[in-house]
Amino acid sequence: MAAMEQQALSLDVRQLEKLSVLQDEDAPNLVAEMAQGYLARTPARLSRLRELLAAGNAGLLANEAHGLATASGMFGMMRVRQHCKALENLARGSSLEGAEGLLTQVEQAYAEARPLLMAELKLRD
């Protein structure tokens with residue numbers, strides 16, 4: 001797969017462009033500030049998913065995965081969103097079998113997309 005295709009799957013900048021309508025002269029960096037909040041909260045959310053999976057709490061796991069899917073999609077992290085939706089759907093089913101692998105995919109997709117989002121918004125660690 002070409003590098004550009006890989007990047008498009010990891011980060012869809014069109015989502016960020018859609019959010020830019022929220023910005024004005026009073027809040028010119030609103031999208032970057034919102035994205036920084038998302039990036040700051042996501043590691044704790046990933047840890048929470050791991051904890052819920054370890055505890056076998058399918059209901060809360062599904063809810064947390066849903067929330068992370070929504071936030072990730074808002075910031076164009078489409079692969080993270082896709083894996084979170086798959087995890088949510090699995091957790092809403094009859095068994096958590098396979099959830100470990102899906103959660104690992106969520107974490108990997110986030111690790112790939114995070115620097116792309118930071119670069120796109122010119123954020124610093």
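Figure 1. An unreviewed UniProt entry lists residues 27–120 under "domain: HPt"; the structure shown is a predicted model.

Figure 2. The annotation of His 66 as "modified residue: Phosphohistidine" comes from the unreviewed UniProt entry. In the predicted model, His 66 is located in helix H4, which spans residues 58–74. His 66 is classed as partly exposed because its relative accessibility is 35%, a value between the limits of 20% and 50%. When residues up to four places away in sequence are not counted, His 66 touches Lys 85, Glu 88 and Arg 92.

**Figure 3. Asp 12 in the loop between helices H1 and H2.** Helix H1 comprises residues 3–10 and helix H2 residues 13–19, with Asp 12 placed in the loop between these helices. Asp 12 counts as buried because its relative accessible area is 13%, under the 20% limit.

**Figure 4. Contacts made by Asp 12.** A polar contact of 2.9 Å joins the side chain of Asp 12 to the side chain of Arg 14. With neighbours within four places in sequence left aside, Asp 12 is in contact with Gly 76 and Met 78.

Terms used: Residues numbered from 1 in each chain as written. Predicted model: local features only at pLDDT ≥ 70, side-chain atom pairs only at ≥ 80, totals over all residues. Heavy atoms only, no water. UniProt positions renumbered as here; feature names shortened; annotations may be inferred. Helix = DSSP H or I, 4+ residues; strand = E, 2+ residues; numbered from the N terminus. Buried < 20%, exposed > 50% of the residue type's maximum accessible area, 1.4 Å probe, protein only. Polar contact = N/O pair within 3.5 Å; in protein donor to acceptor, adjacent residues only side chain to side chain. Contact = heavy atoms within 4.5 Å.
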